[in-house]
2 protein chains.
Amino acid sequence: MKRASLKDIAEALNVSKTLVSLVLNNKADEWGISEETQKKVRKKAEELNYYPNQMARGLRTGKSNIIGLVVADISNPFYAKISRTIEFEVARLGYHLLVCSSDEVEEKEMKLIELLRDRQRVEGLIVATTQQNAEQFNQLKKQQYPLVFIDRKLDGFTSSFVGVDNNKGAYQMVEHLIKNGMRKIGMLNISPMHLSSLNERVDGYKEALKKHGIKFNSDWLQSVSYNDISNTTTEAVKKLLSPSVGVQAIFTINNYVAVHCLQAVHKMKKRIPEDVAVVCFDDLDAFNFSHPPLTTVAQPVEEIGAESVRLLMKQIDGKKFSVSEKILPTTLIIRESCGSLLA
Amino acid sequence: MKRASLKDIAEALNVSKTLVSLVLNNKADEWGISEETQKKVRKKAEELNYYPNQMARGLRTGKSNIIGLVVADISNPFYAKISRTIEFEVARLGYHLLVCSSDEVEEKEMKLIELLRDRQRVEGLIVATTQQNAEQFNQLKKQQYPLVFIDRKLDGFTSSFVGVDNNKGAYQMVEHLIKNGMRKIGMLNISPMHLSSLNERVDGYKEALKKHGIKFNSDWLQSVSYNDISNTTTEAVKKLLSPSVGVQAIFTINNYVAVHCLQAVHKMKKRIPEDVAVVCFDDLDAFNFSHPPLTTVAQPVEEIGAESVRLLMKQIDGKKFSVSEKILPTTLIIRESCGSLLA
DNA sequence: GTGAAAGCGCTAACAG
DNA sequence: CTGTTAGCGCTTTCAC
C-alpha cells in the first residue's frame, strides 16, 4: 500500500495539486477557496490517510524542520534534561530534534556538526562545544547560520549563548564553606580544561578564597581526566586527603566528577562530612539521597533549554546568525555533605 | 554563498551530473569510469565543499536515513543510556536518530509515531511503548514497517523485541532478601500498570514468595502514580511501614520509584537497612553512592541498545517487518541497602 | 566511458 | 476561485 500523495488527492477529486496543497496548508482562505471545496479536500486527505512528505517539502522550501543538538554525552543527566526541554519546545513549533554526543572529542564534534548541517540540513544548531578553536564556528557565522551555544562558551568567539553565572555559583559555594569554618578547600577539576564553564568555576573558587584572606595552595586544585575518570579521581582524592595537603572540603567541578569523587572517598573509608566535606557544581535528582545528600550548585536546566530554543528560533526566523546572551542565576542547595546545619 | 550541488560540480568540470553522482557514490568502478576522471571529480567536490542533500536524495530513493526512538522519558537515565548506544550504533551505519518522549501518555505516543513515520519518514522505529492497544502497531505490521520493541512488550502483539528477563530478575532479588532472613517483603509498583515489564517483575516477586512458602499479603504491594510520584510514594511508604503492615524490605519496581522511595523513607527518619531494606529494579550510576548504596537488579543497557539496532536493521535491509526476540539476563548487584553482608 | 532525461512529492509564480 | 508549469537536487534507466 503506497502512501497517498497530493496528486492522489487531486486526481480523486478532479482538482489540481495546487488547490489541495493550498487547502492543506491553511492558505485556502487567503486565496478565497470555497468552504465546500476545502471540506472536500480535507475529507479526502483524511480518507487516504495523507501526510505531506517532509523530504519533498523540505527539498522544495529549503527547510528541513529539524534542528540539531550537540553535547558531550547525552546520557549525562544534565544534558539529558536539557535535551528533553529542547525537544519539547521545538516540537511545539513543528520541529524535530537530532541529538548527538561528541564524547568531548573535538574532531568528533566537528564531524557531527558537518553531518548535521551539510547532510541533514538541520536549520540551526544548539551546541555545548568541546572545541577550542573557533574556526568551524566562524565559518558558520560568516554564512549566517543559526547557532546558539549553551553551557560552554568559546574563547574569542561572539555568539548567542545561554548559560549560568559559573563564577558566582562557585564563589557562593566556597563562601558558604568558609562561613562554616573551613579554610583548606580543595577543588577537583577535569581535563580537557579549556572549557569556559569549568574555568569560570575555578576562578570563582579562587576569588572566594582570596576575598576571605585565604592563600590559595596549588596542591588544592587537582585535575582528573575524562577518559580515565575512575583511576585519576582516586589518585586526586588521595592527594587532597594526604596529610601534607589535608583539605577539609572537596568541591567537584561537575556531577560527573562528583560521582567518582564520592566513590573514591568511600573507598578510602573517610566519612562525609566528618572527615571531609564534599560539594558539587551541578545538581542531580540523585544527589537528594546520596550518601550523604550533597550540597550543590544547581543550574536551571529547563530554562536553559527553553531559552536556547528561543534564541535559536529568532535566528531561524530572521534567517541569520545573531548574538544575544542569557546568563541565568544558579541556586545554592544546602544539604548535608558540607557539614553545615540545614538552614 | 549557496551550497554546491551536483550540477555545480558537473558544470565546473564539463561532465554530466550522472557521472559525478556515480563517482561520489563509489559506483564509478563498476561503470568503468577512468581513474583520472574520478580524481578530477573528487577533487572538485572537495574544493566546492560539496555534500549531498539528504532531502533530495531521500526523496529520490525513498530512504530518509533516519530512524526513530520513542521512550517514556529520555531524561530517565535508563533510557538515556540506551539512546546513547542506539545513536552510536546507527551512526556507524550512516543513520541518524530522532528521539521522542511520550511521558507515558498513550495518545502522545501514537501522535509521535505518526509524526515520525508519516511526516519524517523515518525508516524504522524502536519503541518502549506505553500503549495498551495493539491497533496502531498492527497497522504498521500490516504495512511491513520495520519496528522493534524494547523494554516493554505489548500484550497479544508479536514483534521483534529486546528486553530482559524481568521475572527472573525480580525473583532473584526477592530470593536474595529471603535468604537474608526477611519474610515480610513489600513492593512498590507504579501506574500505569499495564506495562509488561512491570507486571513481569511483580510476578517474579510473587513467585519467589510462594516458592519459599511465604503467603503474599496484598497490603505488601502498593502502587504509586507516575503523575503525582512524590505524594503517592510518601503515602505508599507510610502504609508499608505502618505497624499493621510493617514490611522488612521494600522492592521498588524501577529507578524512578526508587529515588522517591528513598526520599520518603529518609523523610520518615527510618534507617536503611536497619529499619527497612530498600532494593530496586534498574541500576543507576548514582546508586553506587546513594545513602546507602543500593542493592539492585541491573539491566545490560548497552546490549539492549545494540541488539535493538541489529534487529531493526535486519528489517530495514530486508524491507519488511519481522519477528525476533532477544531476552537478556539481568545481574543482581548486592550493595548495602539490603542489609546483607557484601559477598 | 559518458550523457540525456525522467521523476520522486511538493510549493510558488503566474495565468486566467 | 482554480489550474498550469517549473524546479528544488538527486538517482537511475537507457542510449550512444
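**Figure 1. Chain A contains 12 helices and 12 strands.** The model shown is predicted. For 343 residues the globule rule gives 20 Å, and the radius of gyration of chain A, 26 Å, is well over that value, so the chain is more spread out than a compact globule. Along the principal axes, the C-alpha atoms of chain A fill a box of roughly 90 × 40 × 35 Å.

**Figure 2. Burial and contacts in chain A.** Of the 343 residues in chain A, 48% are buried. Among contacts with a separation of 6 or more, 69% join residues 24 or more positions apart.

**Figure 3. Helices H5 and H12 of chain A cross at roughly 45°.** H5(A) spans residues 77-92 and H12(A) spans residues 301-318; their axes come within 8 Å. The crossing of H5(A) past H12(A) is right-handed.

**Figure 4. Residues in the contact of H5(A) with H12(A).** H5(A) contributes A:Phe78, A:Lys81, A:Ile82, A:Thr85, A:Ile86, A:Glu89 and A:Val90. From H12(A) come A:Val301, A:Glu302, A:Ile304, A:Gly305, A:Ala306, A:Ser308 and A:Val309. By class, the contact of these two helices has 8 nonpolar residues, along with 3 polar and 3 charged ones.

Conventions
Residues numbered from 1 in each chain as written. Chains lettered and ligands numbered in written order. Predicted model: local features only at pLDDT ≥ 70, side-chain atom pairs only at ≥ 80, totals over all residues. Axes fitted to C-alpha atoms, helices over the stretch in contact; angles between N-to-C directions. Helix = DSSP H or I, 4+ residues; strand = E, 2+ residues; numbered from the N terminus. Left-handed = near helix turned anticlockwise from the far one by under 90°. Contact = placed C-beta atoms within 7 Å. Nonpolar A, V, L, I, M, F, W, Y, C, P; charged D, E, K, R; others polar. Rg over C-alpha atoms; globule rule 2.2 N^0.38 Å. Buried ≥ 20, exposed ≤ 12 C-beta atoms within 10 Å, placed from the backbone.
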